[in-house]
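Me: I would like to learn how to read the features of a structure like this one. Please show it to me, and we can go through it step by step.

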Amino acid sequence: MTQQNIATSKTTTGFERLLTPRDAAAFLRVSASWVAKSRMRGDGPPYAKIGGSVRYSEGALVQWVKSRLRLSTSERD
């Protein structure tokens with residue numbers, strides 16, 4: 001992420017934007033169903049439960065993707 005992208009992903013108060021599951025799916029370029037299933041399995045990106053709503057921070061999504069990087073198909077989780 002460039003410095004400009006980081007700046008635009010924050011609200012006017014300086015906090016990271018919180019994404020809905022649908023927005024998180026679009027951010028990761030996966031289906032909303034995959035996001036929901038990975039949340040239930042416990043192997044998806046970290047999320048926050050606020051009231052009855054699930055939210056994802058953009059920074060947490062980026063960190064989660066980085067943690068999933070592999071160099072070979074033979075690498076195991």
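Me: Is Tyr-47 buried, partly exposed or exposed?

Reply: Bear in mind that this is a predicted model. Burial is read from the relative accessible area, and under 20% counts as buried while over 50% counts as exposed. Tyr-47 has a relative accessible area of 41%, so Tyr-47 is partly exposed.

Me: How many aromatic pairs does a search of the whole structure find?

Reply: The search gives 2 aromatic pairs. In one of them, Trp-34 and Trp-64 are tilted, with 5.9 Å centre to centre and 55° between the planes. This pair links distant parts of the chain, with Trp-34 in helix H3 (residues 32-41) and Trp-64 in helix H4, 30 residues apart. Trp-34 is partly exposed at 30% relative accessibility, whereas Trp-64 is buried at 16%. Tyr-47 and Tyr-56 also form a tilted aromatic pair, 6.1 Å centre to centre with 50° between the planes.

Me: Is Tyr-56 buried or exposed?

Reply: Tyr-56 has 1% relative accessibility, so Tyr-56 counts as buried.

Me: Which residue lies over the face of Tyr-47?

Reply: That residue is Arg-39, at 5.8 Å from the ring centre of Tyr-47.

Me: Where is Pro-21 placed?

Reply: Pro-21 belongs to helix H2 (residues 21-28). With a relative accessible area of 23%, Pro-21 is partly exposed. From Pro-21 to Tyr-47 there are 26 residues in sequence and 9.2 Å in space, C-alpha to C-alpha.

Me: How many salt bridges does the structure hold?

Reply: The general idea is that side chains of opposite charge can pair when their charged atoms come close. Here there are 2 salt bridges. Glu-58 is bridged to Arg-17, and their closest N and O atoms are 2.9 Å apart. The two partners sit in distant parts of the chain, 41 residues apart: Glu-58 is in helix H4 (residues 58-67), and Arg-17 is in the loop between helix H1 (3-8) and strand E1 (18-19). Glu-58 is buried, at 7% relative accessibility, but Arg-17 is partly exposed, at 37%.

Me: Which residue forms a salt bridge with Asp-43?

Reply: Arg-41 is the partner, and the closest N and O atoms are 3.2 Å apart. Asp-43 has a relative accessible area of 38%, so Asp-43 is partly exposed.

Technical notes: Residues are numbered from 1 along each chain as its sequence is written. This is a predicted model: local features need pLDDT of at least 70, side-chain atom pairs count only at pLDDT 80 or more; totals for chains, interfaces and linings use all residues. Side-chain values use heavy atoms; hydrogens and water are left out. A salt bridge is a side-chain nitrogen of Lys or Arg within 4 Å of a carboxyl oxygen of Asp or Glu. Helices (H or I, at least four residues) and strands (E, at least two) are DSSP runs, numbered from the N terminus. Buried means under 20% relative accessible area, exposed over 50%, partly exposed in between (1.4 Å probe, protein chains only). Rings of Phe, Tyr and Trp (its six-membered ring) pair if their centres lie within 6.5 Å; planes under 30 degrees apart count as stacked, over 60 as edge-to-face and the rest as tilted. A charge sits over a ring if NZ of Lys or CZ of Arg is within 6 Å of the ring centre and within 35 degrees of the ring normal.
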